[in-house]
Amino acid sequence: MINVLLPAMGTSAFFKDAYFPKPLTEISGKTMVELVIDNYKEIEPKNYIFVFSDDDCKRFHLDSSVKILSPASRVIRLHQQTEGALCTCLMAIEYINDDVPLIIANSDQIIDVDYKKVIEHFDNICADAGVITFPNVHPRWSYAKKCDDEIVEVAEKNPFSKNAIAGFYYFKKGRDFILAAKKALLKQNNLDGKYYISASINELILMGKKIGYYDIQKEQYKSFYSPAKIKEYEENIKG
C-alpha cells in the first residue's frame, strides 16, 4: 500500500479570474483532477488523500467529484489557507504518520513515467526518500544538489544546480515526513513566510537519511501551473 497525498489548497494568480476551482479546469476533455488521478494508475494498491478548500467543496462539490473518480479517496477540507504546502500536508497527519510509503505530489501536474519503476529504483539504492528531477534553471522550481546516487541538499526557488525537482516527493515511511516537517517548522525554515515540502528533505538529510533521485527528460514533466502551459500540453496532444 502507498499513500498518495495531493494538496490542492494553494491560490494562483494565473487562475484568479476562473469561475471553477483549478482542479476542475478542463484539459483535452478531462478535468485536471481526472488527469492527475489517471497518472498514478500503475501504482496498486494505493490510497489517495486530497486536501481541498472547504469553500470549493461546498460551492462546486469538488470532494464529490473525487469520490466518483476514486471512491476510497480521503478528502480533508480546510476553511482557510495555510502557510504553505508543508503545512497543508501536515493536515493529513492522521492518515500518514505511519510506516506506509508516502508520495506527495503537486495536484496540477502529470509526469510521463512509470511510478513503479521510480519506487523500485529508490528501493534498490536503499533510499529513505526520493525526488524526481529534470533539467531546468527557472527559479519557479525547487532544486537538488547531487553526489553519486543521492541528494545532499535542496533549495527552494533557487537554481543552484540544473536539477529541478518535478513536484514529486517519495518517503519510504510516512512518519519520516511528519518528523522532518515538524523539525522544519520548529526551525522556521520558510521562504517569504511559506513552508515548502523541500524543507523536509533537507531535514531528512541532516538526520542522516539517504535521499535518492530519478532523472527524467524535461519533456516528460507536464505542469499545469498556468493556462499557457495547459494550452501547450493540449497542442502537443493534438500534434
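Which elements do the buried residues of α3 pack against? The structure is a predicted model, in which local features need pLDDT of at least 70 and side-chain atom pairs count only at pLDDT 80 or more, while totals for chains, interfaces and linings use all residues. Residues are numbered from 1 along each chain as its sequence is written, and side-chain values use heavy atoms, with hydrogens and water left out.

Now for α3 itself. Helix α3 spans residues 62–69, and its buried residues are Leu 62, Asp 63 and Val 66. They cover an arc of only 100° around the axis, which puts them on the same side of α3; the arc is that of the directions from the helix axis to the C-beta atoms. Buried here means under 20% relative accessible area, exposed means over 50%, and partly exposed is in between (1.4 Å probe, protein chains only). The elements that the buried residues of α3 pack against are α1 (32–38), β4 (46–53), α2 (54–60) and β5 (74–78). Contact means heavy atoms within 4.5 Å. As for helices in general, an α-helix has 3.6 residues a turn, so residues three or four places apart point the same way.

Stepping back, the protein chain holds nine helices and 13 strands. Its radius of gyration is 17 Å, close to the 18 Å that the globule rule gives for 239 residues, so the chain is as compact as a globular protein of that length. That radius is taken over C-alpha atoms, and the globule rule is 2.2 Å times the number of residues to the power 0.38. Helices (H or I, at least four residues) and strands (E, at least two) are DSSP runs, numbered from the N terminus. Along the principal axes, the C-alpha atoms fill a box of roughly 45 × 40 × 35 Å. Buried residues account for 50% of the 239 residues.

Strand β6 (residues 102–105) is worth a look. Leu 102 and Ile 104 point one way from β6, Ile 103 and Ala 105 point the other way, and all are buried. In a regular strand the side chains alternate between the two faces of the sheet. What are the neighbours of β6? Strand β1 (residues 2–7) pairs with β6 in the parallel sense over three bridges, and Val 4 stands opposite Ile 103. Strand β11 (residues 163–171) runs antiparallel to β6, joined by four bridges, and there the bridge partner of Ile 103 is Tyr 170. Two strands pair if DSSP finds at least two bridges between them.

Ile 103 turns up again in the largest nonpolar core. Of the 46 residues in that core, Tyr 40, Ile 103, Ile 111, Ile 132 and Phe 168 touch the most other members. Helix α1 gives the most to this core, with five residues. A second, separate core of 34 residues includes Met 9, Ala 92, Leu 204 and Tyr 213. A nonpolar core is a set of buried Ala, Val, Leu, Ile, Met, Phe, Trp, Tyr and Cys residues joined through side-chain atoms within 4.5 Å. Not counting residues up to four places away in sequence, Phe 168 touches several residues, including Tyr 40, Ile 103, Gln 109, Phe 122 and Ile 132.

Some loop residues are tucked away too. Val 113 sits in the loop between β7 (109–111) and α6 (115–124) and, at 12% relative accessibility, counts as buried. Leaving out residues up to four places away in sequence, Val 113 touches Val 118, Ile 132, Tyr 214, Ile 216 and Gln 220. Ser 161, in the loop between β10 (150–156) and β11, is buried as well, with a relative accessible area of 15%. The side chain of Ser 161 reaches the backbone oxygen of Ala 144 at 2.6 Å.

A cis peptide bond, with omega about -10°, joins Glu 44 and Pro 45, and Pro 45 is in the loop between α1 and β4. Ser 28 is not a glycine, yet it has a positive phi of about 50°; at 44% relative accessibility, Ser 28 counts as partly exposed. Gln 188, not a glycine either, has a positive phi of about 55°. Gln 188 is found in the loop between α7 (174–186) and α8 (198–206) and is exposed, with a relative accessible area of 58%.

Notes
A polar contact is a pair of N or O atoms within 3.5 Å; within protein, one must be able to donate a hydrogen and the other to accept it, and residues adjacent in sequence count only if both atoms are side-chain atoms.
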